[in-house]
Amino acid sequence: MKALTWHGKRDVRIDTVPDPAVQEPTDVIVKVTTTGLCGSDLHLYEVLGPFLDAGDVLGHEPMGIVQETGPEVTNVRPGDRVVIPFNVSCGTCFMCGQGLQSQCETTQVREYGSGASLFGYTKLYGQVPGGQAEYLRVPFGNTLPIAVPPGPPDERFVYLSDVLPTAWQAVDYAAVPPGGTVAVLGLGPIGDMCTRIAAHRGAGQVIGIDLVPERLERVRARGAHTLNLEEYGDGIVEAVRDLTDGRGPDSVIDAVGMEAHGASTAKVGQQMTTLLPDALAAKLMRRAGVDRLSALYLAIDLVRRGGTISLSGVYGGMSDPLPLLTMFDKQIQLRMGQANVWRWVDDILPLLTDGDPLGVESFATHRLPLDRAPDAYATFQKKQDGTVKVLFTP
C-alpha cells in the first residue's frame with residue numbers, strides 16, 4: 001500500500017509499504033477514506049526526529065471502512081464506517097474507565113514514562129504505524145473505533161479523530177463561565193475549532209489572536225473578535241484588557257504549543273538538537289529540552305486574576321521555566337493534556353448528525369490526494385496558501 005513516511009527533518013515521502021494484517025483476535029483493518037494533517041504532525045516534521053526511524057508511517061486523524069476483522073471482534077463488521085481516535089486506548093482499563101483514554105494503562109509507553117500510545121507518533125508514544133496511508137491496523141476493535149452513519153460526507157465525521165475532541169476538551173478545561181470571555185491563542189485547526197465550540201457552549205465573547213491574516217479572517221467571519229499579534233506587538237495585553245473591562249479574559253486557551261513565534265533562543269536550542277546524533281539528541285530533549293514558551297507566557301499575562309488557562313498546544317520540554325510567582329499571585333487555574341477522545345464522543349456526535357452548527361463540512365481549506373502530502377506538509381509548516389486544515393484522500 002501507499003503511505004506517508006518519515007525520512008528526516010522536513011523530509012516526508014510517499015512510499016510503498018507492506019499492507020497491515022490482523023495480528024491479534026480483536027484487530028480491525030480499516031480501508032482509509034479520509035485522513036487529516038495535524039499541527040502536531042509538524043512537530044515530527046521539524047523537531048522530534050530523534051524519536052523516529054526512517055520509514056515510520058505518520059498520521060493520526062483517519063476514518064474509513066472496516067475491511068477485515070479479527071475472530072473476536074463483534075462490535076463492528078466489514079463494511080461499517082468508522083472514525084479512529086488518535087489515542088490507542090483499550091476502553092476497559094482503570095484510566096479508560098475514568099474517561100482518561102490518553103492515559104490508557106494497557107498502552108502506556110512505560111519505557112519513556114509516557115501515557116497512551118498514539119497512532120503515527122514517535123517512540124515516545126509507541127511508534128504505532130499511522131493513518132496517512134491506504135490501510136490501517138486498529139487494535140481493540142470492540143472498543144476503539146467510533147461507528148458513524150452512512151450518508152453524510154467524510155468531512156462531517158473525520159474530525160472526531162482529533163480536532164473536535166481536542167478543541168472540545170480545551171474549551172471544557174478552560175471553564176468559561178456562562179456569558180464569560182475566552183481568548184484563544186493560535187488560530188490553526190484546533191484554535192479555530194475552539195472559537196466555534198466556545199461560542200456554541202455559551203461564551204459571551206470569544207477573542208481570537210494570531211498573526212496570519214487568513215486565519216484571523218476565518219475566525220472573524222464566524223463572529224469572534226480577532227486581534228493580529230503582529231499589529232499590536234507588546235500592546236496585545238492592553239488591547240485584550242480594553243475588551244474585558246480592564247481585567248483580562250476569564251479563560252485563555254493556548255492552542256499554539258512548543259513552536260510558538262517570538263522565542264528565538266529556545267528555537268535555536270530546538271534546531272541544534274536536530275544536528276546531534278539521535279541517541280544524544282533524544283536524551284537531551286527528554287532531560288533538558290526547552291520549549292518556545294511565548295504563547296504560554298502571553299496566556300499567563302492575559303488571563304484575569306482567578307481565571308483559567310487551558311493548554312491544548314503540545315509542549316515537550318523538560319526544563320521549561322515558568323513564572324510561578326505570577327501564577328501563584330494571580331491565582332491562575334491551569335489544565336492541560338492530550339485529548340481523551342472517547343470521553344467527548346457522546347457530546348460531539350449529535351452536533352454532526354443533527355445539522356452542522358460547528359461548520360465542519362466547510363472546515364478544511366485543502367483536500368488533496370495522499371500523493372501530494374509531502375508538499376502539503378511544507379506549505380502547512382510555512383503557513384502559506386491559506387492553509388489551515390488539510391485532508392488527504394488515499
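Colleague: How many salt bridges does the count come to?
Modeller: The count comes to 16 salt bridges, where a salt bridge is a side-chain nitrogen of Lys or Arg within 4 Å of a carboxyl oxygen of Asp or Glu. The model is predicted: local features need pLDDT of at least 70 and side-chain atom pairs count only at pLDDT 80 or more, whereas totals for chains, interfaces and linings use all residues. Residues are numbered from 1 along each chain as its sequence is written, and side-chain values use heavy atoms, leaving out hydrogens and water.

Colleague: Which residue forms a salt bridge with lysine 2?
Modeller: Aspartate 371 does, with the closest N and O atoms 3.6 Å apart. Aspartate 371 lies in the loop between β16 (366-369) and α13, and lysine 2 in strand β1 (residues 2-8), so the pair ties together parts that are 369 residues apart in sequence. Helices (H or I, at least four residues) and strands (E, at least two) are DSSP runs, numbered from the N terminus.

Colleague: And arginine 196 and aspartate 192, buried or exposed?
Modeller: Both are buried, meaning under 20% relative accessible area, with exposed over 50% and partly exposed in between (1.4 Å probe, protein chains only). Their side chains meet in a salt bridge of 2.8 Å, N to O, and both residues lie in helix α4 (residues 189-200), 4 residues apart.

Colleague: Turning to the largest nonpolar core, how many residues has it?
Modeller: That core has 66 residues, and those with the most contacts inside it are Leu164 and Met193. A nonpolar core is a set of buried Ala, Val, Leu, Ile, Met, Phe, Trp, Tyr and Cys residues joined through side-chain atoms within 4.5 Å.

Colleague: Which helix gives the most to this core?
Modeller: Helix α3 (residues 163-174) does, with 8 residues. The core also draws at least three residues from each of domain 1 (2-162 + 340-392) and domain 2 (165-336), the bounds coming from an automatic or database domain assignment.

Colleague: Last topic: which residues of helix α13 are buried?
Modeller: In α13 (residues 373-381), Ala373, Ala376, Tyr377 and Phe380 are buried. They cover an arc of only 105° around the axis, which puts them on the same side of α13; the arc is that of the directions from the helix axis to the C-beta atoms.
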